[in-house]
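Here are some friendly notes to read alongside the model. Please keep the viewer open as you go through them.

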Amino acid sequence: MKCRKCRETAVINMAQHKLALCREHYLDWFIQQTERAIRKYDMFPKNARILAAISGGKDSLALWDVLHRLGYAVDGIYIHLGISRESYSDESGRLADKFAEENGLKLISVNMREEYNCTITDLAQRSHYSQQRPCAACGLAKRYILNRVGLLNGYDVLATGHNLDDEVAVLLGNTLHWSKELLPRQSPVLTGTEGFIRKAKPLCRFYERETAAYALLQGIDYVFDECPYALGGSSYEYKEILNRLEEYQPGSKLSFYQSFLNVRAGGFFNAEAVARPVELRRCSRCGQPTPTETCAFCKLISNEY
Ligand code: Q46
Ligand code: ZN
Ligand code: ZN
């Protein structure tokens, strides 16, 4: 197969775009498409101070790399979750550090054990999180820490490396439950409000294989294995199902997501009817906005669930 731009041998064929490209043109295409998504969804201006959430995996490191190449002022944040199985957190932290060092970028590190005396491995062992799967607690902890550190350090926006496969897995879950709270909020960009940082997902229209190809072809050293807790979760199962659908009908993931964004933008979800305004106050322990006396994160780390 030949590259559509230069007729050299193609390294990737993207059936959904009917586009095959060589290494050089693929890397250019990926960077340009990211810039287009940032502009299309009005994610952040060129002079924004960006904090990129770095897990050490292909998506987040590809994101950091692309934003840096595009000339954005982007620092990284790595949360050491304390996942000891297969030394996952140590290894991903090492690769996040390595990337920052090699590219002269600033990486903020937050260590859950040191800061909060609580790790994801600890949470996995609590009976409340059945079957040793701490993802709900982990998600809550990550959202809390990223938001807090982003705001405290004056960043304009938090960028995350969610790819299309992540987004459609969430969309499928929300659709199966017809979640009227979550469906209207799923978006490439979430505007910031009092106490909450603006969030953007510049890679949300790339298939996972495309972000992996970018990281590999760009020579980025990333943690290859998935988090040991990912296997068997509902997100994992949804991705498998969507992969089968994609095989049968190439392009179906992209069209599922794009059609959702189109109907959402067209007012399909009546935001006023579904978004019941919640009164927020300051958490009595940490000061973060919360509808209750003590926020969910403070309860989590104090084992109050
Ligand atoms: S890091 Fe955390 Fe993920 Fe691991 S424990 Fe689950 S949520 S799978 S993105
Ligand atoms: Zn080419
Ligand atoms: Zn709190």
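1. Ground rules. This is a predicted model, in which local features need pLDDT of at least 70 and side-chain atom pairs count only at pLDDT 80 or more, while totals for chains, interfaces and linings use all residues. Residues are numbered from 1 along each chain as its sequence is written, chains are lettered from A and ligands numbered from 1 in the order in which they are written, and side-chain values use heavy atoms, with hydrogens and water left out.

2. Overall build. The chain holds twelve helices and ten strands (DSSP runs numbered from the N terminus: H or I of at least four residues for helices, E of at least two for strands). Its C-alpha trace spans about 65 × 45 × 40 Å along the principal axes. Of the 305 residues, 51% count as buried (under 20% relative accessible area, with exposed over 50% and partly exposed in between; 1.4 Å probe, protein chains only).

3. Zinc ion (ligand 2). Its protein donors are C3 (SG), C6 (SG), C22 (SG) and H25 (ND1), at 2.1 to 2.3 Å (donors are N, O and S atoms within 2.8 Å of the metal, or 3.2 Å for Na, K and Ca; water is not among the atoms, so sites may look incomplete). The spacing in sequence is C-x2-C-x15-C-x2-H. Angles of 98 to 114° among the four donor atoms make this site tetrahedral (for four donors, all angles between 85 and 135 degrees). C22 and H25 are both buried.

4. Zinc ion (ligand 3). Here the protein donors are C283 (SG), C286 (SG), C295 (SG) and C298 (SG), lying 2.3 to 2.4 Å from the ion. They follow the spacing C-x2-C-x8-C-x2-C, and the site is tetrahedral, with angles of 106 to 113°. C286 sits in the loop between β9 and β10 (289–290) and C298 in helix α12 (residues 296–301), so this pair ties together parts twelve residues apart in sequence. C286 and C298 are both buried.

5. Surface patch. Which residues make the nonpolar surface patch? F196, V278 and L280 do, over about 260 Å². V278 lies in the loop between α11 (271–274) and β9 (281–282), and V278 is exposed, at 56% relative accessible area.

Definitions and conventions: Patches are made of residues with over 30% relative accessible area and no salt bridge: like charges are joined within 9 Å, nonpolar side chains (Val, Leu, Ile, Met, Phe, Trp, Tyr) within 5 Å. Accessible areas come from the Shrake-Rupley method with a 1.4 Å probe; for residues, only the protein chains shown count as cover. A salt bridge is a side-chain nitrogen of Lys or Arg within 4 Å of a carboxyl oxygen of Asp or Glu. Four donors count as tetrahedral if all angles lie between 85 and 135 degrees; four count as square planar and six as octahedral if opposite donors are over 155 degrees apart and all others between 65 and 115; anything else is irregular.
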